[in-house]
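The stops below can be selected one after another.

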Amino acid sequence: MGIEEAKRIVMEHFAGAARRFGFNELYGYIYGVLFLASEPMSLGEIAETTGYSLSHVSTALKFMERIGLVVRIKKPGDKKAYYRATKLLKDWRQAAYYMKIMEDIQQTRANLERALLELEGEEGDEAESIRESIALAMEGNALAGRILKFLMEHEDEEVLERLLNCLESGEKR
């Protein structure tokens, strides 16, 4: 069972990750299949391996290609489209995790700004306390956005590793 069980574990991991972040689990199964494949796979091969219909797999692949999780490949003399995973777990994290977090950061900022607008013209200790709380939350939210943007823009693992080492060592700039 070793190889097949290992494949199942990887596919289940990606399916679970897809579910946790609001994606259809099929995206995770497809990514898992392609992540482990040694060669690009056709739509039919992916459908057969995952057990999903051609229609469902086709729709999922179009979305996954659009967000950069898979790449479509044409082979000379073959009319079929083949697909491969981007192979970088960073790409999966970006699509599945980072984009959802960034959406939350943007929504948080928009809601905090709306709340501040509602406080216009309001006076007193309670209004001031709410403004201070919102300002503090906006600062933290902006910092989270900057950190996430940095992670998304820096593909060089060496840069991220050096940053992490610097943070862990407590060095000052």
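With which residue does glutamate 4 form a salt bridge? Its partner is lysine 7, and the closest N and O atoms are 3.7 Å apart. A salt bridge here is a side-chain nitrogen of Lys or Arg within 4 Å of a carboxyl oxygen of Asp or Glu.

Before going on, note that this is a predicted model, in which local features need pLDDT of at least 70 and side-chain atom pairs count only at pLDDT 80 or more, while totals for chains, interfaces and linings use all residues. Residues are numbered from 1 along each chain as its sequence is written, and side-chain values use heavy atoms, with hydrogens and water left out.

**Stop 1: helix H1**

Select residues 2-20, which make up helix H1. Helices are DSSP runs (H or I, at least four residues), numbered from the N terminus. Glutamate 4 and lysine 7 both sit in this helix, three residues apart, or about one turn. Glutamate 4 counts as exposed because its relative accessible area is 53%, whereas lysine 7, at 37%, is partly exposed. The cut-offs are under 20% for buried, over 50% for exposed and in between for partly exposed (1.4 Å probe, protein chains only).

**Stop 2: aromatic rings**

Show the rings of Phe, Tyr and Trp (its six-membered ring), which pair if their centres lie within 6.5 Å; planes under 30 degrees apart count as stacked, over 60 as edge-to-face and the rest as tilted. The structure holds seven aromatic pairs. One of them joins tyrosine 29 and tyrosine 52, a tilted pair with 6.2 Å between centres and 40 degrees between planes. Tyrosine 29 is in helix H2 (residues 25-36) and tyrosine 52 is in the loop between helix H3 (43-50) and helix H4 (54-66), so the pair links distant parts of the chain, 23 residues apart. Tyrosine 29 is buried at 12% relative accessibility, while tyrosine 52 is partly exposed at 25%.

Then select Phe14, Tyr31 and Phe35, which form one aromatic cluster.

**Stop 3**

Move to helix H5 (89-118). Arginine 109 forms a salt bridge with glutamate 113, where the closest N and O atoms are 3.7 Å apart. The two are four residues apart in helix H5, which means about one helical turn between them. Arginine 109 is partly exposed at 42%, and so is glutamate 113 at 38%. The model has six salt bridges by the rule given above.

Lysine 100 also lies in helix H5 and is partly exposed, with a relative accessible area of 30%.

Which residues form the negative surface patch here? Select Glu118, Glu120, Glu122 and Glu123. Patch residues have over 30% relative accessible area and no salt bridge, with like charges joined within 9 Å. Glutamate 120 lies in the loop between helix H5 and helix H6 (125-153), and counts as exposed at 58% relative accessibility.

How values were computed. Patches are made of residues with over 30% relative accessible area and no salt bridge: like charges are joined within 9 Å, nonpolar side chains (Val, Leu, Ile, Met, Phe, Trp, Tyr) within 5 Å. Accessible areas come from the Shrake-Rupley method with a 1.4 Å probe; for residues, only the protein chains shown count as cover. Lys and Arg count as positive and Asp and Glu as negative; His and the chain ends are not counted. The place of a charge is taken as NZ of Lys, CZ of Arg, CG of Asp or CD of Glu.
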